[in-house]
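Hi,

Here's the structure I promised to pass on. Have a look at it first, then read on for what turned up.

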Amino acid sequence: MKALPGPVAVTAAAVLTPLAEDLDGFTAALLAGRSAVTLGGEDTGALPVAALDGFDLSAWADRHLPGEDATAARLRKVAGRAALPARTAACVALRAVRDARLTGEQLADGTALIVAGSNLALAHQAATVLGHDRAPGRLRASYALTHLDVDTVGAVSELTGIRGEGWALGGASASGTLALIQAARTVAAGWAERVLVVAPVAELSPVETEALRRTGAMAHEHFRDEPARMCRPFDAARQGFVRGEGAAALVLEHPHAARRRAAPVLAEITGHGQRLDARRGTEPDADGQAAAMRAALATAGLEPDDIDYVNAHGTGSVLGDTTEAASLTKVFGARSSLRVNSTKPLTGHCLSAAGLIEAAATVAQLRAGTVHPNVNLEQPDTTVPLAGRTAEHLPLRTALSNSFAFGGINASVVIRLPDPRP
């Protein structure tokens, strides 16, 4: 496995979640162990969910674009009537390029765009189909565009002015991490100076939600009176995952380009790995997961002992967590100084956006030197060195973040703090 020619700088990380709408607030919520999971309404079958209830693009613009009336007006014009994925992508994209201090010229020349996820607007599609069935004459012609994932690419491109390469990249629950990997490869290969990676909210219709419930993949019975306790990665009482809604955007940049414009560097991507299980279906495979993690370590030029923290995929699935624990043991053994954690009890499982949101969570914990609590871990059923129920201050330097998806897709990235030396 060939090592990367050098690290790729992360110069901005923006989030839009029920916990917070900015990285500082997100970090504070994580370290406090605050969960956004509540019991959903009847349209979701009264299942637990961490939902972006009441998200309003105009209100977001008022909060995040004060004094920037022209930008706020353009946001409303371009994305105001788009489906939820495009609206959320537009917001985090604007926040990320603003936090990265990028100019219009820098975005237009040398910047690429990758949108993570596929089949993003399923709820929008289902509602439109039902509405068309009731009243065919009221169908909007704009649906020809709004149902497509590329509408998100177009909306973000128009709002940011990005004219380089751009596309949507799908891989189910691994989409966010796969997009991060492709962005790191793009920058490292010199195909672009920087890449804006955007993971929109992935919205399910009641049909997909019910199908997942019927497979037994979703938590729906235990702790119904306390929905925030229902997502329980690596706990003996776990029953399944809890759906979340969230979006994120990261700016990845060649270190020379970041230094040239004196941009802040939050973290670095130093390695990545992606492997398939060579089989269709939902059942995870420990060997494939371990292979992805080892590939990430190899491209980073690291040994397992160099990793301080693992942000596990950790959905709370009965079989999924057991398999991931086995793959982690294959790679890391039972080293007591390692910490393994999952962000999903706090954010829910944000589906195709999960990997990018959790990359932001990993960056946040590295910068804070603190592992956020695994608030629902009451009876661990693995010997993996898990984070506890309270935040823990540790000398964190290098982390691994995992995403594993249906269809046997396994992806891992190595994230580290930048070297403090010039």
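A quick definition to start: two strands pair if DSSP finds at least two bridges between them. Strands (E, at least two residues) and helices (H or I, at least four) are DSSP runs, numbered from the N terminus. Keep in mind that this is a predicted model, where local features need pLDDT of at least 70, side-chain atom pairs count only at pLDDT 80 or more, and totals for chains, interfaces and linings use all residues. Residues are numbered from 1 along each chain as its sequence is written, and side-chain values use heavy atoms, with hydrogens and water left out.

Now the sheet. Asn 311 sits opposite Asn 341 in β11. Strand β10 (residues 309-311) pairs with β11 in the parallel sense, over three bridges. Both belong to an open sheet of 10 strands with mixed pairing, in the order β5-β4-β6-β8-β1-β9-β15-β14-β10-β11. Its edge strands, β5 (166-169) and β11 (339-341), each pair on one side only.

Helix α13 (residues 318-332) packs on this sheet and touches β10, β11 and β14 (398-405); contact means heavy atoms within 4.5 Å.

α13 also turns up in the largest pocket, giving the most to its lining, with five residues. On a 1 Å grid over the protein atoms alone, a pocket is an open set of points where a 1.4 Å probe fits, with protein on both sides within 12 Å along at least five of seven lines; lining residues have an atom within 4 Å of a point. There are 44 of them here, and Ser 173, Leu 212, Phe 241, Ala 405 and Phe 406 lie nearest the centre.

Cheers

Methods. Axes are lines fitted to C-alpha atoms, for helices over the stretch in contact, and angles run from 0 to 180 degrees between N-to-C directions.
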